[in-house]
Amino acid sequence: MKFSKFGQKFTQPTGISQLMDDLGDALKSDQPINMLGGGNPARIEAVNEVFLQTYKAIGDDGLEGTALNAMGNYSNPQGDAAFIDALVGFFNRHYDWNLSAENIALTNGSQNAFFYLFNLFGGAFTDEHNQSVDKSILLPLAPEYIGYSDVHVDGQHFAAVLPHIDEVTYNGEEGFFKYRVDFEALENLPALVEGRIGAICCSRPTNPTGNVLTDEEMSRLAEIAKRYEVPLIIDNAYGMPFPNIIYSDAHLNWDDNTILCFSLSKIGLPGVRTGIIVAAPEVIAAVSSMNAVVNLAPTRFGAAIATPLVKDDRIKQLSDDAIKPFYQQQANTAVRLLKEALGDYPLVIHKPEGAIFLWLWFKDLPIDTVELYERLKKQGTLIVPSKYFFPGVDVANYPHAHKCIRMSIAADEQTLIDGIKVIGEVARELYDAS
Ligand code: PLP
């Protein structure tokens, strides 16, 4: 069978699709696996209980009730109106944003939102002289989320800026680093200066590193976006106010040049595939039109479960009181285990500031981390090697991109203990032999 160019683009094996198959196969095998790859959120008991109660309650409110109404009817392409109204109330209650329903659209997960947004703002444009211009999505701080890499319908349209790397401490201890935006490189980027950037985007907290861009970095990015008349897209999948997996002092701002993307996935509901976009009405109208073509309407089940939790702020309480402390504790446990296993070796850890991962930099490791991944896999431990997290970067010319790994901290404590034991043994052997 022959596929179109579009078909070929989306069916060709990508680095990440191969890796995800690998992770899936490993999980199906009968060997015990320490699963520190993947991005699944943890199952947190207190949170699950609330989801289950809500699920039962919306199922019990009768034939004309919430669950059947949500399952039995399409919403309009913008998304479930009751959920959008609840979100408008919620955001205006907690932030001074003065939103209306015209500022919010729903998508089938935020991955779906990035597919729309990166194709809206990246790719072929026609300029004022009727000339074709190819515009990219500017990622101001590489490494970035692996899931951005392949979403463009035609080619790849990213420009990325390599980070400054600062040595920092964490809880008073040495052995940590933090990535910071290189604003000098960013402001001098030819694509930006020459009008070949269509939007600026960052995840905050960042998947894969757990970095949280500072308020100062964010306000500089917002100012640059305005100056070049492009939107600033903030991927808030791990951010505030839900799931609020942020430990550094950070604030969230929105204005009509900002496109904020939220998700219900990392509060523990990845299966309901619900993403939320907060943006200017023009962007919301565009997303709604794309929803109509691609999905008719976004899924309503996540909306039905989340609406009562958004209305009475339980989504925020759960995030503050259960989800954030859980991951903070997991991060601290993983850091302690890593220090015990590799404290005397040149491993440095990105300062854990949020999200559900640790990012480990094996300085001077004699092999690259794709090979390390293979060796760890043979010993039953799965992580993700760093080279896939650099959309827009020519990793062949950037050695640092081959020396890090991402490990999830969402697993239970025993899996962290067993997995880090293997990482320690394999890395020590490599360092000792070099
Ligand atoms: N953005 C980031 C930074 C992520 O880590 C993920 C998922 O792992 C997504 C977006 C997409 O999440 P979802 O489509 O489940 O909302």
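Contact here means heavy atoms within 4.5 Å. All views show a predicted model.

View 1. Leaving aside neighbours within four places in sequence, Ser75 is in contact with Asp80, Ala297, Pro298 and Arg300. Ser75 counts as buried because its relative accessibility is 15%, and buried means under 20%.

View 2. In domain 1, 44 residues are in contact with 53 residues of domain 2. The area buried between the domains is about 4300 Å², and carbon and sulfur atoms give 61% of this area. His350, Glu353 and Pro391 supply 16% of what domain 1 buries against domain 2, more than any other three residues.

**View 3. Polar links across the interface of domain 1 and domain 2.** The rule finds one salt bridge across this interface, along with 26 residue pairs in polar contact. Glu353 forms a salt bridge with Lys178, with the closest N and O atoms 2.7 Å apart. Elements that give two or more residues to the side of domain 1 touching domain 2 are α1 (5–11), α12 (314–342), β12 (347–350), β13 (357–362) and β16 (404–408). The largest share of that side, eleven residues, comes from α12.

**View 4. Helix α14 (residues 413–433).** At 1.5 Å a residue, the 21 residues of α14 should span 30 Å, and the end C-alpha atoms are 30 Å apart, which agrees. At the start of α14, a side-chain oxygen of Asp412 reaches to within 3.1 Å of the backbone nitrogen of Gln414. Among the buried residues of α14 are Leu416, Ile420, Ile423, Ala427 and Leu430.

Terms used
Residues numbered from 1 in each chain as written. Predicted model: local features only at pLDDT ≥ 70, side-chain atom pairs only at ≥ 80, totals over all residues. Heavy atoms only, no water. Buried < 20%, exposed > 50% of the residue type's maximum accessible area, 1.4 Å probe, protein only. Helix = DSSP H or I, 4+ residues; strand = E, 2+ residues; numbered from the N terminus. Expected span 1.5 Å × (residues − 1). Polar contact = N/O pair within 3.5 Å; in protein donor to acceptor, adjacent residues only side chain to side chain. Buried area = accessible area lost by both parts, 1.4 Å probe. Salt bridge = Lys/Arg side-chain N within 4 Å of Asp/Glu carboxyl O.
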